[in-house]
Amino acid sequence: KEGTYEVTYSAKDSSGNKTIAKRKIEVIKKIGSDKQSNEKVVYLTFDDGPSENTKKIMDILAKYDAKATFFVTGRNQDYNYLIKDAYNAGHTIALHTYSHEYSTVYASVDAYFDDLNKVGQMVKKEIGFVPHYIRFPGGRYCQGIMSTLTKEVVEKGYQYYDWNGDSTDASGNHVAVDKLIRNGTSCHDNNVMILCHDTQAKDTTVQALPAIIEHYKNLGYTFKGIDDATYAPHQSVNN
C-alpha cells in the first residue's frame, strides 16, 4: 500500500554475530500501464495549448461525446480560463511545459523540474490541483539528460506519455487536412494515443478532427481522457 515504511534488516554470520540496519521506504502510487488493455480506446492528446483553437476543439469533442487530454503550457495565459472549462467538461488536463524553450527547460535536471513546477502551479490555480500526467516538450528528443529525467519523473509520482499515433501536425503550420486525416487514422492498436497540437497555427488540425473521430468511432473505438490506468506508450531513450 502507498505510504512510508521503516524496514529492518537483520543478518547473522557463522560466528553468531548479528547486525541490524534500518531504512525508510516510500511506496508511491503507480500511474499508467505498460500494457494495452483489450478495450478499443482512442486517447486524443493536444499539446501546447490553451489557444484560440481550444474552444473549437472542445466544441467538436462535445458534438461526438468524446473526451481528450490537453497537455498545457504557460505560453498563452490569456486563454488559461479554457483549462478550467476543459476540465469541467470532463477532459483531462496534463502538463507539458511552462516556457517550451528547450535551452531553458533542458539546461539541467533541476531546470526541467523548475519548469514543470511552474506549469503545475499555474494549472493548480485553474483546477485546484497539480496533475501528474506529463509529456516532455520536444517529445523527449533533447540530447543529454533524458535517461535521467524519464526515471526521475516517475520516482516523483508523475507518468509521462509519448504516443503511438501521430497526426503529424507538428511537421509544419497549416498542414493539409487530408494528410492529417490520413496520418491520424493510421494506428490500429487497441489503445491509440494520437499526438495533436493546439495552437493558433494548427487550424487544419481542427478541420481534420471530425474525420479522425468518425473513422475510429466507425471501428468501434471510444474516446477517453488519460487516467491513472491508461496505457502509457514510451518511446526509446538513448541519451
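Author: The chain holds seven helices and 10 strands; helices (H or I, at least four residues) and strands (E, at least two) are DSSP runs, numbered from the N terminus. This is a predicted model, where local features need pLDDT of at least 70, side-chain atom pairs count only at pLDDT 80 or more, and totals for chains, interfaces and linings use all residues. Residues are numbered from 1 along each chain as its sequence is written, and side-chain values use heavy atoms, with hydrogens and water left out.

Reader: How much of the chain is buried?

Author: Buried means under 20% relative accessible area, exposed over 50%, and partly exposed in between (1.4 Å probe, protein chains only). Here, 45% of the 239 residues are buried.

Reader: Why is strand β5 described as largely enclosed?

Author: Strand β5 (residues 92-97) has six of its six residues buried, so the rest of the structure largely encloses it.

Reader: Which way do β4 and β5 run, parallel or antiparallel?

Author: Two strands pair if DSSP finds at least two bridges between them. Strand β4 (residues 68-73) and β5 run parallel, joined by five bridges. Thr-69 stands opposite Thr-92 in β5. From β4 the chain crosses through helix α2 (residues 81-88) to β5, in a right-handed β-α-β crossover; right-handed means that, with the strands pointing away from the viewer, the path from the first strand over the helix to the second runs clockwise.

Reader: What does Tyr-133 touch?

Author: Contact means heavy atoms within 4.5 Å. Tyr-133 lies in strand β6 (residues 133-134) and is buried, at 12% relative accessible area. Leaving aside neighbours within four places in sequence, its contacts include Phe-71, Thr-92, Ile-93 and Tyr-161.

Reader: And how do I read the packing of α1 and α7?

Author: Axes are lines fitted to C-alpha atoms, for helices over the stretch in contact, and angles run from 0 to 180 degrees between N-to-C directions. Helix α1 (residues 54-63) and helix α7 (residues 203-218) pack at about 20 degrees, with axes 10 Å apart. Angles under 35 degrees count as roughly parallel, over 145 as roughly antiparallel, 65 to 115 as roughly perpendicular and the rest as oblique, and α1 and α7 are therefore roughly parallel. Residues making the contact include Ile-57 and Ile-60 of α1 and Leu-209 and Ile-213 of α7.

Reader: Where is Lys-118?

Author: Lys-118 sits in helix α4 (residues 109-127) and, at 49% relative accessibility, counts as partly exposed.
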